[in-house]
Amino acid sequence: MKNIQRVGMLTSGGDAPGMNAAIRAIVLALDSSVEVIGYKHGYNGLINSESIRLTQSDVDNIIHLGGTIIKSARCKEMRTSAGIKQAVSTLIKDKVDALVVIGGDGSFNGLLAIQEHWAGQVIGLPGTIDNDLDGTDNTIGFSSAINTAIQAVDKIRDTADAFDRVFIIELMGRHSGHIAFHVGLASGAEAILSFENTDTEHPEQVIDSLAKQVKQYQNSCNNSFLICVAENLWPGGVTQLRDQLNRYDFIDASACILGHIQRGGAPSANDRILATKLGVAAVEALKGGMSGFMIGERYAKPILVPLLDAIKHTKMVPDHLIQAHKNIKAINPTKIDNL
Ligand SMILES: Nc1ncnc2c1ncn2[C@@H]1O[C@H](COP(=O)(O)OP(=O)(O)OP(=O)(O)O)[C@@H](O)[C@H]1O
Ligand SMILES: O=P(O)(O)OC[C@H]1O[C@](O)(CO)[C@@H](O)[C@@H]1O
């Protein structure tokens with residue numbers, strides 16, 4: 001059993017609902033004799049030596065809070081060798097034995113850079129709404145983000161329905177389609193455009209196919225038509241897509257970028273439970289002397305994933321979800337006559 005006396009912790013990258021629940025779980029799972037230092041504003045806190053002591057009573061009642069009590073940030077300096085050295089020197093000065101970083105793939109790159117220059121233990125917890133880390137079925141924040149987005153999309157559905165309108169909704173995800181696809185499925189969107197199922201090399205064909213689907217929809221039921229689109233997918237964004245669709249005289253499309261509301265709010269039950277499970281498992285891993293791992297979740301159980309494997313960017317929207325949506329909603333454009 002490793003004798004750990006001081007643990008450093010930080011949250012980095014886009015904040016995610018459930019980060020506080022993870023902080024809480026780690027602090028409460030550690031022996032009360034272990035000192036926990038929370039570095040503030042992501043890696044900036046390490047570089048600028050800005051930290052707070054986190055006691056068990058500090059974190060006892062934060063499981064339900066969105067955001068992160070130790071703040072997050074994107075820290076440019078951490079991408080330089082001077083920044084990394086400065087971060088390491090703070091860890092040495094503070095006599096930290098282990099560092100836990102809650103964040104996404106970028107944050108894990110920072111952790112790997114620290115590991116190269118520091119003898120302490122490093123552990124990552126997957127904290128990002130994007131669900132784009134390999135080796136884990138879910139990331140902390142994903143479930144909350146899709147729940148929040150679904151509520152918003154349901155409201156858009158009401159007004160879209162009233163006007164029989166086409167609505168194009170952009171979901172977050174940076175370069176991954178997990179949020180867009182899950183929200184599209186759960187809100188019954190008529191079309192979902194994600195990296196896995198959309199040929200953006202040939203935008204005109206996609207537009208033509210969408211227009212045909214809308215036409216067919218109008219002919220058969222004359223209702224609203226929702227299109228969920230992954231952020232950074234469509235050349236020119238969703239407003240451009242709207243303009244392209246509005247060239248068809250039978251289409252009256254609006255666009256809505258859901259944006260940062262997807263990152264806010266209280267964490268869902270799933271995220272609170274996931275964060276707690278993974279936080280406790282992180283402490284077990286530290287006590288067992290492990291280093292260089294992300295604590296992920298597979299089939300509802302915590303697992304250790306080498307940090308390098310977690311950041312490979314190979315986790316795509318599963319094919320069975322794409323097929324499920326096709327089977328339920330999509331109208332095969334080849335069966336529709338040219339407009
Ligand atoms: N290659 C790298 N080397 C060192 N540090 C890095 C590197 N990449 C990212 N970081 C650090 O991690 C921070 C967070 O990274 P990034 O902005 O990519 O978010 P993330 O952790 O991927 O989370 P999310 O995708 O949810 O926003 C960066 O601002 C930077 O401080
Ligand atoms: O808040 P920022 O820095 O604009 O970052 C937005 C990005 O962060 C995320 O919310 C989380 O990675 C992405 O989905 C989005 O692209």
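In which kind of crossing, left-handed or right-handed, does H6 pass H7? In this predicted model, local features need pLDDT of at least 70 and side-chain atom pairs count only at pLDDT 80 or more, whereas totals for chains, interfaces and linings use all residues. Residues are numbered from 1 along each chain as its sequence is written, and chains are lettered from A and ligands numbered from 1 in the order in which they are written.

Helices are DSSP runs of H or I with at least four residues, numbered from the N terminus. Helix H6 (residues 142–163) packs with helix H7 (residues 178–186) at an angle of about 50 degrees, their axes lying 9 Å apart, which makes H6 oblique to H7. The crossing of H6 past H7 is right-handed, meaning that the near helix is turned clockwise from the far one by less than a right angle. On the side of H6, the contact (C-beta atoms, placed from the backbone, within 7 Å) is made by Phe142, Ala145, Ile146, Ala149, Ile150 and Val153, and on the side of H7 by His178, Ile179, His182, Val183 and Ala186. Nine of these residues are nonpolar, two are polar and none is charged.

Around ligand 1 there are 20 residues, of which Gly13, Gly14, Gly104, Gly106 and Thr128 are the closest, a residue being counted if its C-beta atom, placed from the backbone, lies within 6 Å. Helix H5 (residues 105–117) gives the largest share of this shell, six residues. The shell around ligand 2 includes Arg74, Asp130, Glu231 and Arg263, and by class it holds two nonpolar, four polar and five charged residues.

How values were computed:
Axes are lines fitted to C-alpha atoms, for helices over the stretch in contact, and angles run from 0 to 180 degrees between N-to-C directions. Helices (H or I, at least four residues) and strands (E, at least two) are DSSP runs, numbered from the N terminus. Angles under 35 degrees count as roughly parallel, over 145 as roughly antiparallel, 65 to 115 as roughly perpendicular and the rest as oblique. Two residues are in contact if their C-beta atoms, placed from the backbone, lie within 7 Å. Ala, Val, Leu, Ile, Met, Phe, Trp, Tyr, Cys and Pro count as nonpolar, Asp, Glu, Lys and Arg as charged, and the others, Gly among them, as polar.
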